[in-house]
Amino acid sequence: MTRVDPYGGYNFAVELDGITRAGFRECSGLASTQNAIEYREGTDKQLSSRKRPGLNTYSDITLSRGFTSDSKLWEWRQKAAGGAVERHTISISMLDDAGNAKITWNLFEAWPTSWTGPSLSASSDEIAVEQITLAYERIEVDQWS
């Protein structure tokens, strides 16, 4: 039997429209759900409702990175806050230890719903971190190998 080890959650890349924009230290919230719709007709023999598949929904994702002089995330969020929503395709790839993409999730029509600046403390030696939260409309898995 061949041993198959799980991938580490520490090797990943985030791309915006096919271009690696920045290194991120964390990506969270990647999820897909589908509601069950209950339905029953008066002529149904069973005294219970049917369960039909409803709409697919996708949770927002949050990306965290060290705060730098690169203001692209802030500018993207400001455009959306001003009513000029700019949508992009975001790709999140899980990498193996050699840096090869093993699984890639493509998030379509993504746009920023919020931006969070760094926490600042004169008594801390931690890196300043910014976060951006993205909504998206659809997800596809590009590869699973």
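Predicted model: local features only at pLDDT ≥ 70, side-chain atom pairs only at ≥ 80, totals over all residues.
Trainee: Why is Trp115 called partly exposed?

Mentor: Trp115 has a relative accessible area of 25%. Buried means under 20%, exposed means over 50%, and partly exposed lies in between (1.4 Å probe, protein chains only). Residues are numbered from 1 along each chain as its sequence is written, and side-chain values use heavy atoms, with hydrogens and water left out.

Trainee: What is the average pLDDT of the protein?

Mentor: The average is 90, and 95% of the residues score at least 70. pLDDT is the predictor's confidence in each residue, from 0 to 100. Helices (H or I, at least four residues) and strands (E, at least two) are DSSP runs, numbered from the N terminus.

Trainee: What makes the rings of Trp74 and Trp115 an edge-to-face pair?

Mentor: Rings of Phe, Tyr and Trp (its six-membered ring) pair if their centres lie within 6.5 Å; planes under 30 degrees apart are stacked, over 60 edge-to-face, and the rest tilted. Here the centres are 4.8 Å apart and the planes stand at 70°, so the pair is edge-to-face. Trp74 belongs to helix H1 (residues 72-81) and Trp115 to strand E8 (residues 101-116), so the pair ties together parts 41 residues apart in sequence. The whole structure holds 2 aromatic pairs.

Trainee: How do you know that Arg138 sits over the ring of Phe108?

Mentor: A charge sits over a ring if NZ of Lys or CZ of Arg is within 6 Å of the ring centre and within 35 degrees of the ring normal. The charged end of Arg138 is 3.9 Å from the centre of the Phe108 ring and counts as sitting over that ring.

Trainee: Why is Ser64 called buried?

Mentor: Ser64 has 3% relative accessibility, so it falls on the buried side of the limit. This residue is in strand E6.

Trainee: Which side chain makes a polar contact with the side chain of Ser64?

Mentor: That of Gln131, at 3.0 Å. A polar contact is a pair of N or O atoms within 3.5 Å; within protein, one must be able to donate a hydrogen and the other to accept it, and residues adjacent in sequence count only if both atoms are side-chain atoms. Arg65, also in strand E6, is buried at 4%. Its side chain reaches the backbone oxygen of Asp70 at 3.0 Å and joins the side chain of Glu130 at 2.7 Å.

Trainee: What makes a nonpolar core?

Mentor: A nonpolar core is a set of buried Ala, Val, Leu, Ile, Met, Phe, Trp, Tyr and Cys residues joined through side-chain atoms within 4.5 Å. The largest one has 17 residues, and Leu107 is one of those with the most contacts inside it. E8 gives the largest share of this core, 4 residues.

Trainee: Why is Pro53 called exposed?

Mentor: Pro53 has 61% relative accessibility, so it passes the limit for exposed. Pro53 lies in strand E5 (residues 50-58). Not counting residues up to four places away in sequence, Pro53 touches Gln34, Asn35 and Ile37, where contact means heavy atoms within 4.5 Å.
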